[in-house]
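Good morning, and thank you for coming. I would like to speak today about aromatic rings and how they pair.

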Amino acid sequence: MNSISLNFTGVQYDETVNGAGLGMTIYFQGCSHHCKGCHNPETWEFGKGKYCLFEINSKINEYFTTTPFAERLTFSGGDPLDNLYDLERVLSYVKEFFPEKKLWLYTGYKLEDLTEEMWTFVKQFDFVVDGPFIEELRDITLPFRGSSNQRILDSQNILEILNSHENCLIRN
């Protein structure tokens, strides 16, 4: 992949449903999960996005410069963990220029099933909503998630799962 690849499908500004507080959500293009009942099936196909990395970083800069009171940036999709190349570059940009913003990640992967490479990125997030959407477990009363199997994990929970994961790898 290169920086001209179109692995982002959309941006949502001034929203409050994809994490706590006011923020911005970036939607990655490409997802390997294909959950039945997904609310974004148009994001499944890889390489069919509308924006390249430069455009996304420009949108982040413009949003947080003009809306400094916005608290959060959310990564959704598709699945950002299926797009590690671009995820790395967006994360490094945000960490450098807007380090005070809370970072949220939505992924269809359960954290216990991540590869070591995926963990490199996940541990940089303040909050992760993990697990696939399961239509039979859909619950519209739950904040920030679509089905009851999905978890909202804060940085402490994420580190506990990471440590448990690393211990399992050492034992194997």
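Let me begin with phenylalanine 127, which counts as partly exposed at 26% relative accessibility; buried means under 20% relative accessible area, exposed over 50%, and partly exposed in between, with a 1.4 Å probe and protein chains only. This is a predicted model, in which local features need pLDDT of at least 70 and side-chain atom pairs count only at pLDDT 80 or more, while totals for chains, interfaces and linings use all residues. Residues are numbered from 1 along each chain as its sequence is written, and side-chain values use heavy atoms, leaving out hydrogens and water.

The structure holds nine aromatic pairs. Rings of Phe, Tyr and Trp (its six-membered ring) pair if their centres lie within 6.5 Å; planes under 30 degrees apart count as stacked, over 60 as edge-to-face and the rest as tilted.

One of these pairs joins phenylalanine 64 and phenylalanine 98, and it is tilted, with 5.4 Å centre to centre and 45° between the planes. At 3% relative accessibility, phenylalanine 64 is buried, and phenylalanine 98 is buried at 8%.

Why is the pair of tryptophan 104 and phenylalanine 127 called stacked? The ring centres of tryptophan 104 and phenylalanine 127 are 4.6 Å apart and their planes lie at 20°, so the pair is stacked. Tryptophan 104 is buried, with a relative accessible area of 3%.

Finally, Phe8, Phe28, Phe75 and Phe125 are linked into a cluster by ring pairs.
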